[in-house]
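Please keep the structure in view while reading the points below.

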Amino acid sequence: MAVTSSSSMLLLRNFATAGKIAQSFRANSRIFSTGELIRVLPRIGSQRSICSTRAVHNEEAAAKAAAAVADTGAPTIFDKIIAKEIPSDIVYEDENVLAFRDINPQAPVHVLVIPKLRDGLTMLGKAEPKHVEVLGQLLHASKIVAEKEGILDGFRVVINNGVEACQSVYHLHLHVLGGRQMKWPPG
Ligand code: 5GP
């Protein structure tokens, strides 16, 4: 899983309108690079533990499937986004970095910041000294995104690394999240 969200129950309690409930539902959906869409039902009453367990299993399964091909060097969905072969909602772009909205947002602001050239950076755990410059550029771009999105006073940057962190796309990416109160620990 990219970023865990234990907030659906809270959101359901707090959201007054049907539109906001729909937003909560969307925020608990995931589309993986395999194209698989997994929706997690709102955690209501007895469904709560069943649904959250199912979500965890789905996300873990997707993470394992993605990891299995991670070292093949196979292109990911992000290569197509960089090449503009598939559309994305771009928030910021420069020579080295692309930032676009996550298709399955876990917060009102959820932007992915990626290097345009993967250069072996399938995940942070593969970082080498030659990547230091681009790693700095990614962090700096995350700050620019937060500024552009009006969340500079409170935002979170997340990198999921490997199966145990539920990484599902093997092209390094930073999640920039904000626009709501974050919880800690993240789960
Ligand atoms: P990870 O789980 O690897 O940390 O994060 C991968 C992220 O990529 C997920 O949050 C997922 O929603 C997002 N994602 C997967 N496919 C697409 C896509 O085609 N377009 C966009 N904008 N985001 C995607």
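Helices and strands here are DSSP runs, helices of at least four residues and strands of at least two, numbered from the N terminus. The model is predicted, and in it the largest share of the shell around the ligand, 3 residues, comes from α4.

**The ligand and its shell**

- There are 20 residues around the ligand, and those that come nearest are Asp102, Asn160, Ser168, His173 and His175.
- Besides α4 (77-82), the elements that each supply at least two residues of the shell are β1 (29-31) and β4 (97-101).
- By residue type, the shell around the ligand divides into 11 nonpolar, 6 polar and 3 charged residues.

**Polar atoms facing the ligand**

- A polar side-chain atom of asparagine 160 lies 2.9 Å from an oxygen atom of the ligand.
- Of the 520 Å² of accessible area that the ligand has on its own, the protein covers 96%.

**Nonpolar cores**

- The largest nonpolar core has 18 residues, of which Tyr92, Ala99, Val111, Val113, Leu138, Val145 and Val176 touch the most other members.
- At least two residues of this core come from each of β3 (90-93), β4, β5 (109-115), α5 (132-148) and β7 (174-178), with α5 giving the most, 6 residues.
- Alanine 99, leaving aside neighbours within four places in sequence, is in contact with Asp89, Ile90, Val91, Tyr92, Val111, Leu112, Val113 and Val145.
- A second, separate core of 8 residues includes Ile82, Leu98, Leu112 and Ile114.

Methods: Residues are numbered from 1 along each chain as its sequence is written. This is a predicted model: local features need pLDDT of at least 70, side-chain atom pairs count only at pLDDT 80 or more; totals for chains, interfaces and linings use all residues. Side-chain values use heavy atoms; hydrogens and water are left out. A residue is near a molecule or strand if one of its heavy atoms lies within 4 Å of it. A polar contact is a pair of N or O atoms within 3.5 Å; within protein, one must be able to donate a hydrogen and the other to accept it, and residues adjacent in sequence count only if both atoms are side-chain atoms. Accessible areas come from the Shrake-Rupley method with a 1.4 Å probe; for residues, only the protein chains shown count as cover. Ala, Val, Leu, Ile, Met, Phe, Trp, Tyr, Cys and Pro count as nonpolar, Asp, Glu, Lys and Arg as charged, and the others, Gly among them, as polar. A nonpolar core is a set of buried Ala, Val, Leu, Ile, Met, Phe, Trp, Tyr and Cys residues joined through side-chain atoms within 4.5 Å. Buried means under 20% relative accessible area, exposed over 50%, partly exposed in between (1.4 Å probe, protein chains only). Contact means heavy atoms within 4.5 Å.
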